[in-house]
Amino acid sequence: MPYRATLSAKAAQAATTQADPRWAAVVARSAAADGRFWYSVQTTGVYCRPSCAARTPRPENVRFHASCAEAEAAGFRPCQRCKPRQPTALSHHAALVTEACRIIEGAAAGEVLTLDALAAQMGLSPSHLHRIFKQATGLTPKAYAAAQRAQRLRSALDNARTASVTDAIYSAGYQSSSRFYEQSDQVLGMKPSRYRAGGAAQDIRFAVGQCSLGAILVAQSERGICAILLGDDADTLVRDLQDRFAQAHLIGGDAAFEALVTQVVAFVEAPGLGLNLPLDVRGTAFQQRVWQALQAIPAGQTASYAEVAQRIGAPTAVRAVAQACAANALAVAIPCHRVVKSDGALSGYRWGVERKRTLLAREAAPEPAQPLAEKVV
């Protein structure tokens with residue numbers, strides 16, 4: 001009888017451990033979990049960090065701890081293999097990446113800082129610097145430098161003291177104005193002269209309609225659909241659009257545009273139909289990487305914020321991924337509703353968790369569960 005009781009207790013402890021989300025991190029030897037918790041092994045008397053390379057222990061022998069001090073108070077000693085009290089490799093890499101970012105940001109406007117030169121300043125090999133930089137930020141050092149140059153350009157264009165657009169281009173660090181103009185749409189979303197005017201010359205057509213999720217606003221620039229907003233109140237959506245494009249010329253949609261809105265609403269009602277329309281996607285380089293990853297998630301499936309961070313090559317940027325999802329202004333077209341917590345629970349959604357739940361249920365259903373669009377107003 002005592003033997004059976006012991007077996008039962010071990011099985012219960014194993015089940016408890018395996019049901020804990022931290023156990024999956026231990027099995028995967030997840031470096032991203034280092035510093036969040038530690039685990040001890042009763043049979044060896046040591047405690048480790050989640051990424052420890054030692055053989056995976058039996059789950060009935062594992063206990064989890066919030067800190068090294070807690071593990072030691074329970075009578076366990078530090079593992080000599082993973083040395084849990086020492087700084088993690090990720091924290092060391094984060095410090096190096098932070099230093100690299102400061103060097104890039106502090107470079108002179110006309111200075112071309114190559115990867116080799118940056119690595120030499122930091123005493124690292126170019127390949128090692130490139131790898132840890134992309135892991136931490138989701139960008140290469142070259143892409144980060146380009147983003148900083150674009151930010152300097154926006155600041156110069158916004159500055160009333162800048163004499164001309166050409167002066168702004170060269171003061172931001174671009175070596176050739178012709179080269180910049182080739183990529184101005186990607187950098188600014190419009191021509192530099194229009195950006196300097198605050199988008200005042202930009203025409204944006206829009207219309208507000210109703211769908212099963214409430215009010216919906218669709219807006220289109222000359223480049224494509226630039227906003228799909230959901231909400232309870234049409235006036236609130238219009239004010240949101242006005243705030244986004246404060247200097248643009250907003251034009252109420254005509255009959256032809258309302259037909260386009262009906263197409264967008266039909267897509268919201270039945271995402272399986274697809275949306276064969278050009279999108280005007282505006283965001284930072286990192287946000288666009290996240291949004292591209294979201295568009296790769298098939299309808300009816302979900303991914304966690306951590307999984308999206310892994311897919312864009314930035315496993316530690318989970319919070320930044322969540323912020324990029326929150327900045328998305330193209331509801332459903334960029335499916336941020338397909339991103340959930342690591343345990344599968346629904347987290348915050350810009351247009352309300354209930355809408356998120358409805359969209360996911362609708363995508364999982366074999367047939368659209370809601371009626372198609374109501375009349376556009």
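Residues 24 or more positions apart account for 57% of the contacts in the protein with a separation of 6 or more, a contact being heavy atoms within 4.5 Å. This is a predicted model, in which local features need pLDDT of at least 70, side-chain atom pairs count only at pLDDT 80 or more, and totals for chains, interfaces and linings use all residues. Residues are numbered from 1 along each chain as its sequence is written, and side-chain values use heavy atoms, with hydrogens and water left out.

**Overall picture**

- The protein comes to 17 helices and 10 strands; these are DSSP runs numbered from the N terminus, with helices (H or I) of at least four residues and strands (E) of at least two.
- Of its 377 residues, 41% count as buried, where buried means under 20% relative accessible area, exposed over 50% and partly exposed in between (1.4 Å probe, protein chains only).

**Confidence**

- The mean pLDDT is 79, and 77% of the residues reach 70 or more; pLDDT is the predictor's confidence in each residue, from 0 to 100.
- Over residues 368-377 the pLDDT is below 50, and this stretch has 23 contacts in the model beyond near neighbours in sequence.

**The largest nonpolar core**

- This core has 58 residues; a nonpolar core is a set of buried Ala, Val, Leu, Ile, Met, Phe, Trp, Tyr and Cys residues joined through side-chain atoms within 4.5 Å.
- Among the elements giving it two or more residues are strand E6 (214-220), helix H14 (285-295) and helix H16 (318-327), while H13 gives the most, with 7 residues.
- Leu217, Val290, Leu294 and Val321 have the most contacts inside the core.
- Leaving aside residues up to four places away in sequence, Val290 touches Val308, Ile312, Val321 and Ala324.

**Aromatic pairs and a charge over a ring**

- The whole structure holds 2 aromatic pairs; rings of Phe, Tyr and Trp (its six-membered ring) pair if their centres lie within 6.5 Å, and planes under 30 degrees apart count as stacked, over 60 as edge-to-face and the rest as tilted.
- Phe37 and Phe64 are edge-to-face, because their ring planes stand at 80°, with centres 5.7 Å apart.
- That pair links distant parts of the chain, 27 residues apart: Phe37 is in the loop between helix H2 (21-27) and strand E1 (38-41), and Phe64 is in strand E3 (residues 62-65).
- Both Phe37 and Phe64 are buried.
- Tyr349 and Trp351 also pair edge-to-face, with centres 5.6 Å apart and planes at 70°; Tyr349 is buried at 9% relative accessibility, and Trp351 is buried at 6%.
- Arg22 lies over the face of Phe37, 5.9 Å from the ring centre; a charge sits over a ring if NZ of Lys or CZ of Arg is within 6 Å of the ring centre and within 35 degrees of the ring normal.
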